[in-house]
Amino acid sequence: MLRSTQITVVAVAALGAAGLCTAPAGAQTAYKIGISGAATGPASPSYLPHIEGIRTYLRQLNDKGGINGAKVDVVFVDDKAAPSEAASNAKRLMDDEQVLAVGLMSLSSTYAPMFQAATRTKTPVLLLGQAVCPANAAGSQMNPFVFCGGSTSDPNTAGYWQVPLVKALSEKQGDQLKLALVAADIPISRQGIDFMEQLAKQLNVQLVDKQALPMGAADVSGAASRIVASGATYVTSWSPVTTAVQMLGALRRQGWNGWYIHNHSAEAEDTLRQLKDPKLVMSPEYAFTVEKLPVFAEIEAAAKKYGVTVPVDTMVLGWASGMMLEAALKQCGPSCVREKLVDVLNSLDVQTAGIYPDAIKWSRGDHTRPASFTAYAWDQKTQAVKRITEWSRVKGELAKVKVLD
Amino acid sequence: MSLLIVIVIQAGFYALLGLGYVLIYRATRVLNLAHGDLMVFGAFIFYQALANSNGGLATAVLAACVGAMLLGALVYTGIMRPLAGYPVAVGVLATIALGIGLRSIVTLIWSGQTRYPSEYVGQLGRPIEIAAGVFISGIDAVIVVFAALALVGIPLLLQRAAIGVDMRGVAENALLAAQRGINIHVINALSWAAATLMATVAGVFFSLKVRLGPDIWYVGLAGFAPALIGGMDSLRGVAIGAVIVAAAEVLAARYIAPQIALAAPFLVLLIALWIRPWGIYGTREELERI
Amino acid sequence: MSFSFLPSTLRTAHAQDMWLLDSAFVRLWATAGLAGALVLPALLTNFWMGVANQVFIAVIGALALNLLMGTTGQISLGHAGFIAAGAFTVAALVTHLDAPIGVTLLTALVVGAILGVLVGLPALRLKGLYLAVSTLAAHFVIIVGLGQYQAAISYGAGFSLSPPSIFGLEIASERHWYYFLLPVTLGILLLNVNWLRSAYGRAWTAIRHRDIAAESLGINVARYKLLAFSASTSLTCFAGALAAYHTGFVSVEAFDFHLLIQYLAMVIIGGLGSVLGAVLGAVFVIALPNLISVAADKVPLLQGLGGKVFELQIGVFGAIMLLFLMLEPRGLAGIWARVRFYFQLWPFKYRAWES
């Protein structure tokens, strides 16, 4: 009898001790943040560099003493750009790790399970890196826990810039505009070119082909031969960069000599530099490193210090994401909880040292990032990447594009 | 006409891959599902050599070839030889395991970043007009020529050269060949080396033409479809298998949808296996041997 | 302590041959295992509960694959495709008809059985390698087909499933799932063990050893091969359906080549042909990546790896699979058996009646 009592006492004591250990301490010891991203898998080339970027940013931040005297504790998980992995990551980060917020750096196919979990657990989800903003990030249909901090505006805003850009380039060249649209076979990319199709009709642009290429396709020569046969003079894509490069390569090999306009992605600047194709245009919403901003030197120094091997220009967006996160946590203060963080994010106003030309500004009814666009191409004379249009702020209507000489 | 060119180019590429599968199968009766990963590995050796030698194409190709043959021989002696005598399934599973191991090593060494080695070779990617409105790029022409050479040259080598005759002997009956004093392990290691070389050549072409990254293993894997359709033990079957698969893929992309093109090689393969499981030129007894 | 182990040579009645738990040792382990499984939820965090639930589903899938590859000797590389078929059966029935879980799970079983016959038919003509390849081709065709369906119905975004209810009880938390999956998995485990002890199991084993010899013993090889295929595929689809509900989300990218490799790793590392092996393999394969990523957060040496740790996980799988194939083809189950005999016979080295 005595023995069983003793056992009970010991067990209760042990449980109590365990409870004490896991009980939240009064002051903030660390800000726990989750990052779920496509670190492996076919989409990883477009997302891994951002993950490295934010990781490096937070490392140097922690080495400098953290935020409000507390370190940022980041749990990185890989979602392989697969929805099911994202679903289990959401469970792990939001339920088990009890993170303050989740940064999502992956393909749009992972959004649905992550947003669902965000609503359920009232955890803010920040779309970071180049994660695309969904079409309904403002207004009555929006998810109040999803914030767009990534480099890619929603499919409509992108269309409002990209279709006029194509038209302006064609007018500058004075050639006939026959447009083909290319998407990757993922939901948001297809949505994007569907909207571009509408805009093209509105602008009286002649559309000759539209297709969606599967991610990780071996060879797209067959698909390219269809575009060549359609007589397109301009091709534009709104997709991860591999889709664009593959299509452009296949088109060029078949003797096609038209303009190719792509949006952008982690590797956009690097790709321009590697391909050296004067008729390839990337149109980002952030500054390429050719703009020589002081922040780029800072990134380079940090990359060198921590032995990060990915090219600096691909880490830029991860760096900007880190800045957003830092500002939000700083404002959230020493005893930050999810509810308070959502409030802070709803009125956040932060500059990213010029990486994004506009300040990131969210409000309760609008979680999109104010966006300005521009375009870059390879300049053969100077053998360097060069900006070819002026910056243009785009919001809800067709952009005004001014092509530089 | 230009569609035909596209099919021929694609067939050439598939033939290079298919030859690798057949060489290994004839020697060790293993379907090498790590072929795509060997391809990626070889292509990365090429890339590294290219970067280190500041764009010396010949040096890089040579380095890749030597590296690939060493790798192939190593895989045989390290993994396939100890597994000899196990059921055929074990060999296949071992190559799957080898494949994911190699993929992981490649990413750990060279990271998941996409590369475009075409920047080093300049004009090769330029299209050449061979008829009015019909173009073929330099690299594509090289692929087709090289595939044709390999398709003619390898069987010839096996027919005429002494080492080729040994290889055929081992493929036919390893026990008898060993009795005759042929060192079958050397011969098998050579076959693996040759197959890895073919994989690497295909990988180098693909990376010069499209891109280089750890994710292109999938491209190399698709090469088993032409090999099987032609007949796993038949070198000349590869050519026709490659043409069938390439035509299916390109036509599906052109006239149905690019998404269907991904499944086209395998769909054709399923139909072929159902009608003529031993392949077009394969030997029928091969089905019973395993 | 009475040591009541009855080797087959000392069994005196037919009933003793029928015992499932035939020795004190096995009984002890079975009781301890069950008791452990029942109290486990008290010890695990929510995250590890989720991992445990994934293990249950993986056990079902691995048992199914083992039935085909281990017992019957028919190599199948279409497993990920069949799991996808099960998950999409649920997605389609819920999306179009709002069907309850009972209906969807039963339909998944039936769909699996039919699919098994279709894929099994070529197995009557093809062996070994050629069969492996045809099932792999089937995998790619199924995946691309389902991808087209997904693109057409949901703009490619995938299908969300709300938590299922059984008899009015909603299975939402990991804890609920645990107590739902535990009996289901145990049931399927028993079913498998009993299959192997029946005429079916003996026929399947005979086919694995030598199908021509099996035929001359009067076994209808074609019939039993098809039976093995449909039993296996049916269970696989069932596992896929459960996984769909557990994840709450169905999308075609989840069922790629990597999933197939995971299942192959389970049966190989566990030990081909062994029920215990399939269970051990499932536990190992599901737990390992989680352990590695936990270790990567805690161990300073691994922290420097950064994003590469995910690649390392995959590579470690490949290496372990290769090592087992080359050094211990009987897998974890083989190691377990050796350990078991060592303790059973201690202080002796071997049993006299085991030649």
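Student: What should I know before I start?

Tutor: The model is predicted, so local features need pLDDT of at least 70, side-chain atom pairs count only at pLDDT 80 or more, and totals for chains, interfaces and linings use all residues. Residues are numbered from 1 along each chain as its sequence is written, chains are lettered from A and ligands numbered from 1 in the order in which they are written, and side-chain values use heavy atoms, with hydrogens and water left out.

Student: How many helices and strands are in chain A?

Tutor: Helices (H or I, at least four residues) and strands (E, at least two) are DSSP runs, numbered from the N terminus. Chain A has 12 helices and 16 strands.

Student: What does the radius of gyration say about chain A?

Tutor: It is taken over C-alpha atoms, and the globule rule is 2.2 Å times the number of residues to the power 0.38. For 405 residues, a compact globule would come near 22 Å. Chain A has 23 Å, which agrees. Look at the spans too: along its principal axes, the C-alpha trace of chain A covers about 95 × 40 × 40 Å.

Student: How do I read "buried"?

Tutor: Buried means under 20% relative accessible area, exposed over 50%, and partly exposed in between (1.4 Å probe, protein chains only). In chain A, 63% of the 405 residues count as buried. Take Ser321(A), which lies in helix H11 (residues 312-332) of chain A. Ser321(A) is buried, with a relative accessible area of 0%.

Student: Which residues does Ser321(A) touch?

Tutor: Contact means heavy atoms within 4.5 Å. Leaving out residues up to four places away in sequence, Ser321(A) touches Ile54(A), Met105(A), Leu128(A) and Gly129(A). For chain A overall, take contacts between residues at least 6 apart in sequence: 66% of them join residues at least 24 apart.

Student: What is a salt bridge?

Tutor: Side chains of opposite charge can pair when their charged atoms come close. The rule asks for a side-chain nitrogen of Lys or Arg within 4 Å of a carboxyl oxygen of Asp or Glu. Together with Lys32(A), they are linked in a network of salt bridges.

Student: Which parts of chain A does the pair Asp358(A) and Arg393(A) link?

Tutor: Their side chains meet in a salt bridge at 3.6 Å, N to O. The pair links distant parts of the chain, 35 residues apart. Asp358(A) sits in the loop between strand S11 (349-350) and strand S12 (360-361), and Arg393(A) in strand S16 (residues 392-394). Asp358(A) is buried, at 16% relative accessible area. Now see Arg190(A) and Asp185(A), bridged at 2.5 Å, N to O. Asp185(A) is partly exposed, at 23%.

Student: How much area is buried between chain C and chain B?

Tutor: Buried area is the accessible area (1.4 Å probe) that two parts lose on being put together, summed over both. Here it is about 3,800 Å², and carbon and sulfur atoms give 82% of it. Arg125(C), Leu129(C) and Tyr130(C) supply 20% of the area that chain C buries against chain B, more than any other three residues. The contact takes 36 residues from chain C and 46 residues from chain B.

Student: How many salt bridges cross that interface?

Tutor: The rule finds zero between chain C and chain B.
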